[in-house]
Amino acid sequence: MKIVSFGDVHMATRNLGRMADVLRDTDLIIVSGDLTNFGGIDDARKVLDSVRQACAHVLALPGNLDRREVTQFLEAEGIALHGKGVVLDGIGIFGCGGSNITPFNTPTELTEDEIYATLRLGHEVVQNRRPLLMVCHTPPYETKCDRIVGGKAVGSTAARRFIEEVKPDLCISGHIHESAATDAIGPTRIINAGPFKGGGYIVIHADGSQLAAKLEFL
């Protein structure tokens, strides 16, 4: 199974046209949050329609810059990962959208307790599956994937705690645009592709019990 993931789209879907070769044999696209730029259902639908033209099978979760109604929209579309879990081709996939609390009062922010509970809720559906793929819009705390300009770590402590406890094979994150990077917490690889406008995306190949993931740029 081949999965391609990107996030922090913010309505900028033009790079999909440059990914024809990458997406030609892709089985699933995972959008890791921030489909819109403070937008609601109408904007989210525009992004989703563009993504579906590239690959019919999509999973997604909201980012902190998506209004709360986007979560319900993704659920109605049957593609939501926020607090949800799904098994595809033997892979357990679960997630948490939004972000931890920011100074900017963005539309979809969660306390650390809410992030942990949401991850737990999704994981319960797939907890007996391996490989295990966690999709969390906000990156875990203190990795190469959660550093703002100046180097301060601003990721989620709850996401990090959950990873340390559950040890998923891979965690896809986003949110911090300047921290497109790959890192690890124990056996769990962490990848932030950065904003889609910047050309970052993740390619995942599933082979039996293994997930091989690589950060790529257009």
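Mentor: Gladly. Let's begin with a pair of side chains: Arg147 is partly exposed, with a relative accessibility of 30%. Before going on, note that this is a predicted model, where local features need pLDDT of at least 70 and side-chain atom pairs count only at pLDDT 80 or more, while totals for chains, interfaces and linings use all residues. Residues are numbered from 1 along each chain as its sequence is written, and side-chain values use heavy atoms, with hydrogens and water left out.

Trainee: Why is Arg147 called partly exposed?

Mentor: Buried means under 20% relative accessible area and exposed means over 50%, with partly exposed in between (1.4 Å probe, protein chains only). The 30% of Arg147 falls in between, so it counts as partly exposed. Asp146 has 0%, so it is buried.

Trainee: What makes Arg147 and Asp146 a salt bridge?

Mentor: The rule asks for a side-chain nitrogen of Lys or Arg within 4 Å of a carboxyl oxygen of Asp or Glu. Their N to O distance is 3.7 Å, so the pair qualifies. Glu216 and Lys214 also meet in a salt bridge, at 3.9 Å, and Glu216 is partly exposed at 25%. By this rule the count comes to 10 salt bridges.

Trainee: Which parts of the chain does the pair Arg130 and Asp169 link?

Mentor: Their side chains meet in a salt bridge at 3.1 Å, N to O. The pair links distant parts of the chain, 39 residues apart: Arg130 is in the loop between α4 (112–126) and β8 (132–136), and Asp169 in the loop between α5 (157–166) and β9 (170–173). These helices (H or I, at least four residues) and strands (E, at least two) are DSSP runs, numbered from the N terminus. Arg130 is partly exposed at 43%, and Asp169 is partly exposed at 26%.

Trainee: How do you know that the contact between the side chains of His175 and Asn64 is polar?

Mentor: A polar contact is a pair of N or O atoms within 3.5 Å; within protein, one must be able to donate a hydrogen and the other to accept it, and residues adjacent in sequence count only if both atoms are side-chain atoms. The two side chains make such a contact at 3.1 Å. His175 sits in the loop between β9 and β10 (181–185), and its relative accessible area of 14% makes it buried.

Trainee: What is His175 in contact with, leaving aside its neighbours within four places in sequence?

Mentor: Contact means heavy atoms within 4.5 Å. Among the residues in contact with His175 are Asp8, Ser99, His137 and Pro139.

Trainee: Which residues of helix α3 are buried?

Mentor: In α3 (residues 69–76), Val70, Thr71, Phe73 and Leu74 are buried. They cover an arc of only 160° around the axis, which puts them on the same side of α3; the arc is that of the directions from the helix axis to the C-beta atoms. What covers the buried residues of α3 includes α2 (41–54) and β3 (58–60).

Trainee: What makes β4 and β10 edge strands?

Mentor: Two strands pair if DSSP finds at least two bridges between them. The open sheet has 6 strands in the order β4-β5-β8-β9-β11-β10, with mixed pairing. β4 (85–88) and β10 each have a single partner strand, so one side of each is left without a neighbour in the sheet. As for β10 and β11 (residues 188–192), 5 bridges join them, and they run antiparallel.
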